[in-house]
Amino acid sequence: MNGQLVYSKKVKDFVRKSSEAFKSIDEEDLEMIHLLDKGLSLPEIGSEMGLSISGIEYRKRKLAENLGSTSSNINTLLEYVRKELKLI
């Protein structure tokens, strides 16, 4: 093996998925995650971020999709971010 590290397909897939997920998160996504985690409502988050409720819903859906979460439900999304990405 010439001293090279060899990783299983499962490890390689996890690293690839995690890298792609982190690349898709921008500052507004991080702010939205933080505000959702603080328990703010969508109207409060919209006001804080200067976005409409539909804009927040759109960002939430796109974030869930980009992260590979099974749902854009707030609790499911936050659980995924905590467990899989360890962002909060």
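Visitor: Which side chain does K60 meet in a salt bridge?

Guide: This is a predicted model, and in it the side chain of K60 meets that of E57 in a salt bridge, at 3.3 Å from N to O. The two residues are 3 residues apart in helix α4, which spans residues 53-67, so they are separated by about one helical turn.

Visitor: And is K60 buried or exposed?

Guide: K60 counts as buried because its relative accessibility is 6%, under the 20% cut-off, whereas E57, at 25%, counts as partly exposed.

Visitor: What does E65 pair with?

Guide: E65 forms a salt bridge with K62, again with 3.3 Å from N to O, and these two are also 3 residues apart in helix α4, about one helical turn. E65 counts as exposed at 55% relative accessibility, while K62 is partly exposed at 31%.

Visitor: Which residues are joined into a network by shared partners?

Guide: Salt bridges that share partners link D26, E28, D29 and R59 into one network.

Visitor: Switching topic, how far apart are the closest N and O atoms of R82 and D37?

Guide: They are 2.4 Å apart, and the pair forms a salt bridge. R82 lies in helix α5 (residues 74-85) and D37 in helix α2 (residues 27-37), so this contact ties together parts that are 45 residues apart in sequence. R82 counts as partly exposed at 39% relative accessibility, and D37 likewise counts as partly exposed, at 33%.

Visitor: How many salt bridges does the count come to?

Guide: The count comes to 6 salt bridges.

How values were computed
Residues numbered from 1 in each chain as written. Predicted model: local features only at pLDDT ≥ 70, side-chain atom pairs only at ≥ 80, totals over all residues. Heavy atoms only, no water. Salt bridge = Lys/Arg side-chain N within 4 Å of Asp/Glu carboxyl O. Helix = DSSP H or I, 4+ residues; strand = E, 2+ residues; numbered from the N terminus. Buried < 20%, exposed > 50% of the residue type's maximum accessible area, 1.4 Å probe, protein only.
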